[in-house]
Amino acid sequence: MKAILATVASAVLFFFGTGLDPLPELAWLAPLPIFLLALRGHGGIVLASAFTAYLAGSAGSWSYFWHSQSVPRPAALAILGGSAVLFALSAGLFGRLVRHGHGFLAALAAPALWIVALYVVSLLNPTGLMGTFMTTQADRPSIVRIAAVTGGWGVEFLVLFVPAAVAAALAPGLRGRSRVVPVVALAVIAGGLAFWTTPASTTPSTKVALIAPGQHRWAVDVASRDGQALIQSYVDQIAKLPDGVQTVVLPEAAFAVDQTSRASLVTALTEAARARDLDVVTGVLDTTPDGRFNAALAVPPSGAPVEYRKWHNGDSPNIRSGTEITRIGLMVCMDVNFADPSRDYGAAGTGLVFIPASDEDVDGWAHSRTALIRGVENGFSVAWSAARGTPMLADAHGHVLADTHTGGSPFSVVVADVPAGTGKTPYARFGDWFAWLCGLLAAAGIAAAASKSSDLERQVVA
């Protein structure tokens, strides 16, 4: 009965606390019933309960993954099933360590194992990583701000460590340091979150506008009648922007161009840029002699345009990837699912990155917040202009300055003054050091769990 109650409670909390539209506070509570069950439960029961709770709790995302245009179904099944298996293994490791009398190590090793596995996935998965525990906290700047030091891994770790430490502190049979240390750690974390505020930025600001259509059409050929009409519709929207806008960002692959038609798009956007004295950034599908690229094209009022070619294209056929960052901050959509090129911009001290994007409606909030976390990690503000998604402007400390969701009107427009970040954060300089530290903690936990059962374990299980 205890296992059933723990499974149901955890599944409900995972359902509402994670996924594509989470209640962030519930994410901290979701693992707790399973961790409490692991204190006394039989190992097999704990593994089964944890797996079932996580898989059932992710039900809100099943339809998205099954119908996603960017995540192949085999990968979707691997993500859903693999995450449930990973949570089960983390809970199982936690329970075994506590029963061995290693309460604090259990609270560290369980989330560390989770981080190590996600880190490996982030390196191997062609679509990168998004929608994990760190994303649930993206609208909590005082929490997300630690990503500037640890990367998003620190946020991910914290959300799992807190319930693990609570459970460890309540474990039966523990004495002295094994019980006190988790309590002290929780007190320090609670105090830090209570008194750590994110100050308003005093760096110079850029007034940025985002324009995204209500119904996005992918890569409309600018040489066609529809393409010329689409260009004009964007030019008309740019003309209506408030005074003082310095940069306007359009969505990913708004237009398709080649060597012949590219000039007509550049000419039209240059005239619009000159009329309002602003820069125009748009997504283009650019066919060149070197191949076909999904790119961001920055068109200034005068001078030559700058083109950034998307680094990460998933399994998109016949699309080549870029290899260099630009002198101004440009990325495209899925690039934010990976550490690079964001970290390159952070290391270069780039203060503001413009990102044309295109999502799938239901994942719009989660993907925009993935971009926000990349900005915090690397010290740059984010201008995320997403078709079928959530256009968003956020500063380098994780404050959302303005956002909306597309649909319901021909165009969605977001405008805000965006302070530039300073770049060069500890994470941008030292990379994924925290994930490697988690590797050491997970290894220590596994080694301790593999030792012979202790008197305490036999007492607790009995």
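Guide: A residue counts as buried when its relative accessible area is under 20%. The model is a predicted one. In it, Ser261 has a relative accessible area of 6%, so Ser261 is buried. Ser261 sits in the loop between strand 4 (255-257) and helix 14 (262-276). Leaving aside residues up to four places away in sequence, Ser261 touches Val222, Ala223 and Ala256. Glu377 lies 116 residues from Ser261 in sequence, and the C-alpha to C-alpha distance between Ser261 and Glu377 is 38 Å.

Now to the helix pair. Two packed helices are described by the angle between their axes and the distance between the axes. For helix 6 (residues 73-99) and helix 7 (residues 103-124), the angle is about 160° and the axes are 8 Å apart. An angle over 145 degrees counts as roughly antiparallel, and helix 6 and helix 7 are therefore roughly antiparallel to each other. The crossing of helix 6 past helix 7 is right-handed. On the helix 6 side, the contact is made by Ser83, Leu86, Phe87, Leu89, Ser90, Leu93, Phe94, Leu97 and Val98. Helix 7 contributes Gly103, Leu105, Ala106, Ala107, Ala109, Ala110, Leu113, Trp114, Ala117 and Leu118. Sorted by type, the residues of this contact between helix 6 and helix 7 comprise 16 nonpolar, three polar and no charged.

A second pair can be set beside it. Helix 11 (residues 152-169) and helix 18 (residues 433-449) pack with their axes 8 Å apart, at an angle of about 40°. Helix 11 and helix 18 are therefore oblique to each other. Their contact is made by Trp153, Gly154 and Phe157 of helix 11, together with Phe434, Ala435 and Cys438 of helix 18. Five of the residues in the contact of helix 11 with helix 18 are nonpolar, one is polar and none is charged.

Last, a hairpin. Strand 11 (residues 392-394) and strand 12 (residues 400-403) run antiparallel and are joined by three bridges. Leu393 has Ala402 of strand 12 as its bridge partner. Five residues lie between the two strands of this hairpin, in which Gly398 takes a positive phi near 95°.

Note on methods:
Residues are numbered from 1 along each chain as its sequence is written. This is a predicted model: local features need pLDDT of at least 70, side-chain atom pairs count only at pLDDT 80 or more; totals for chains, interfaces and linings use all residues. Side-chain values use heavy atoms; hydrogens and water are left out. Two strands pair if DSSP finds at least two bridges between them. Helices (H or I, at least four residues) and strands (E, at least two) are DSSP runs, numbered from the N terminus. Axes are lines fitted to C-alpha atoms, for helices over the stretch in contact, and angles run from 0 to 180 degrees between N-to-C directions. Angles under 35 degrees count as roughly parallel, over 145 as roughly antiparallel, 65 to 115 as roughly perpendicular and the rest as oblique. A crossing is left-handed if the near helix is turned anticlockwise from the far one by less than a right angle, and right-handed if clockwise. Contact means heavy atoms within 4.5 Å. Ala, Val, Leu, Ile, Met, Phe, Trp, Tyr, Cys and Pro count as nonpolar, Asp, Glu, Lys and Arg as charged, and the others, Gly among them, as polar. Buried means under 20% relative accessible area, exposed over 50%, partly exposed in between (1.4 Å probe, protein chains only).
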